[in-house]
Amino acid sequence: MDRRSFLMSTVALGALAVAAPAALAQDKLTILGSVPSLGFPFFVHMLNQIKDEAATQDVNLIESDGQNSAPKQTADVEAAIVQKVNAIVIAPLDVNALAPAVEQAVQAGIPVVTVDRRVDGVEGVLAHVGADNVKGGEAEAQAVVDAFPNGAKVFHLQGQPGAGPAIDRNLGVHNVIDPIKDKYQIVFEQTANFARAEALSVTEAGLASAGKPDAIICANDDMALGAAEACAARGFTDVKIYGFDALPEALAAVRDGLLAGTVEQFPGEQARTAVRIALDFARNGTKPAEPLVLLTPIVISKDNLDKAERIGEAG
């Protein structure tokens with residue numbers, strides 16, 4: 001470990017120790033639960049589900065908020081390695097930037113289960129649990145095709161570059177649209193980095209340059225809500241906007257007609273399954289039947305709101 005990594009580890013170790021001073025009590029196993037940023041409601045829910053499953057399994061949990069910073073999340077993982085945790089469950093901010101830290105953990109003999117975002121190119125990761133984001137992107141694009149059987153002009157707001165879900169959802173959208181692009185034209189396509197405020201400004205720019213679309217496909221709900229705000233400001237309330245993640249606020253917007261739909265990827269089930277896999281191995285050496293566990297996302301519309309994982313939280 002170089003001096004910079006050592007210093008980051010030392011700082012993070014202190015921070016994590018404050019969060020969980022009894023983490024290394026020998027009576028219980030200890031795991032690290034790490035998410036990219038608690039600034040995103042999706043990851044707040046995911047970490048809460050990790051926390052609940054850890055409590056159900058009677059293990060200590062060290063909680064890590066990556067604060068949307070790959071160096072911060074890397075330092076948290078390195079600190080957990082120093083503490084000799086029994087397992088790590090991590091949703092990496094950037095699949096490439098976090099690869100060295102994940103590899104360090106594997107080399108230290110710590111079982112690692114990735115959730116939501118897969119880290120490719122690292123040998124020895126115990127398992128990945130996530131949604132099939134390619135299928136999710138395909139379902140989102142297909143919803144637009146179904147809503148406009150005669151063709152449509154489409155805006156596409158992409159997620160954060162380098163994030164696995166953004167890459168896969170983008171691929172899924174293009175898998176559906178590209179073969180029929182003579183009828184379904186993506187007239188404006190740009191990243192808004194999964195952020196609502198950025199999606200608002202990006203959509204405004206798209207409306208100014210490309211005119212009013214029939215539909216807007218967004219790689220997450222925050223961007224969909226930002227796009228909806230931009231359209232509403234211009235009186236374009238008939239634009240069909242689709243999000244991804246089925247957050248409670250988005251579900252309420254679908255119910256109220258502000259959004260046409262959102263993709264449910266069952267993040268709570270992802271998180272709980274990842275914790276169970278990690279602990280089965282830490283306790284018993286039991287490997288999962290399959291190292292890749294992918295849940296199939298579905299589009300939530302007004303017609304099937306009862307299928308959403310968090311519909312009970314929709315205001």
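Helix H8 is largely enclosed by the rest of the structure, because 10 of its 13 residues are buried (buried means under 20% relative accessible area, exposed over 50% and partly exposed in between, with a 1.4 Å probe and protein chains only). The structure is a predicted model, in which local features need pLDDT of at least 70 and side-chain atom pairs count only at pLDDT 80 or more, while totals for chains, interfaces and linings use all residues. Residues are numbered from 1 along each chain as its sequence is written, and side-chain values use heavy atoms, with hydrogens and water left out.

A quick word on the labels: helices (H or I, at least four residues) and strands (E, at least two) are DSSP runs, numbered from the N terminus. H8 covers residues 221–233, and its buried set is made up of Asp221, Asp222, Met223, Ala224, Leu225, Gly226, Ala227, Ala228, Ala230 and Cys231. The expected span here is 1.5 Å times one less than the number of residues in the helix.

Just after H10 comes Gly285, with a positive phi of about 70°.

Now for the helix pairs. H2 (residues 41–56) packs against H10 (residues 267–284) at an angle of about 40°, and their axes are 8 Å apart. Axes are lines fitted to C-alpha atoms, for helices over the stretch in contact, and angles run from 0 to 180 degrees between N-to-C directions. That angle makes H2 oblique to H10; angles under 35 degrees count as roughly parallel, over 145 as roughly antiparallel, 65 to 115 as roughly perpendicular and the rest as oblique. The crossing of H2 and H10 is right-handed, where right-handed means that the near helix is turned clockwise from the far one by less than a right angle, and left-handed means anticlockwise. On the H2 side, the contact (heavy atoms within 4.5 Å) involves Phe42, His45, Met46, Gln49, Ile50, Asp52, Glu53, Ala54 and Thr56, and on the H10 side Pro267, Gly268, Gln270, Ala271, Arg272, Val275 and Arg276. Sorted by class, the contact of H2 with H10 holds seven nonpolar, five polar and four charged residues. Ala, Val, Leu, Ile, Met, Phe, Trp, Tyr, Cys and Pro count as nonpolar, Asp, Glu, Lys and Arg as charged, and the others, Gly among them, as polar.

H5 (residues 133–147) and H6 (residues 164–177) come within 7 Å, axis to axis, and cross at roughly 40°. H5 is therefore oblique to H6, and this crossing of H5 and H6 is right-handed. Among the residues making the contact are Val134, Ala141 and Val145 of H5, along with Leu171, Val173 and Ile177 of H6. The contact of H5 with H6 divides into eight nonpolar, five polar and three charged residues.

With H3 (residues 70–83) and H4 (residues 99–107), the axes come within 9 Å and cross at roughly 10°, so these two helices are roughly parallel to each other. Here Thr74, Val77, Glu78 and Ile81 of H3 meet Ala101, Gln104 and Ala105 of H4. That contact of H3 with H4 has four nonpolar, two polar and one charged residues.

Most residues other than glycine have a negative phi. Asp58, in the loop between H2 and strand E2, has a positive phi near 60° and is partly exposed at 47% relative accessible area. Lys84, in the loop between H3 and strand E3, likewise has a positive phi, of about 60°, and is exposed at 69%.

Finally, two strand residues. Asn60, in strand E2, counts as buried at 17% relative accessibility; Asn60 and Phe244 are 184 residues apart in sequence and 32 Å apart in space, C-alpha to C-alpha. Ala152 lies in strand E6 and is buried at 5%. Leaving aside residues up to four places away in sequence, Ala152 touches Lys183, Tyr184, Gln185 and Asp214. Gln49 is 103 residues from Ala152 along the chain, and their C-alpha atoms are separated by 39 Å.
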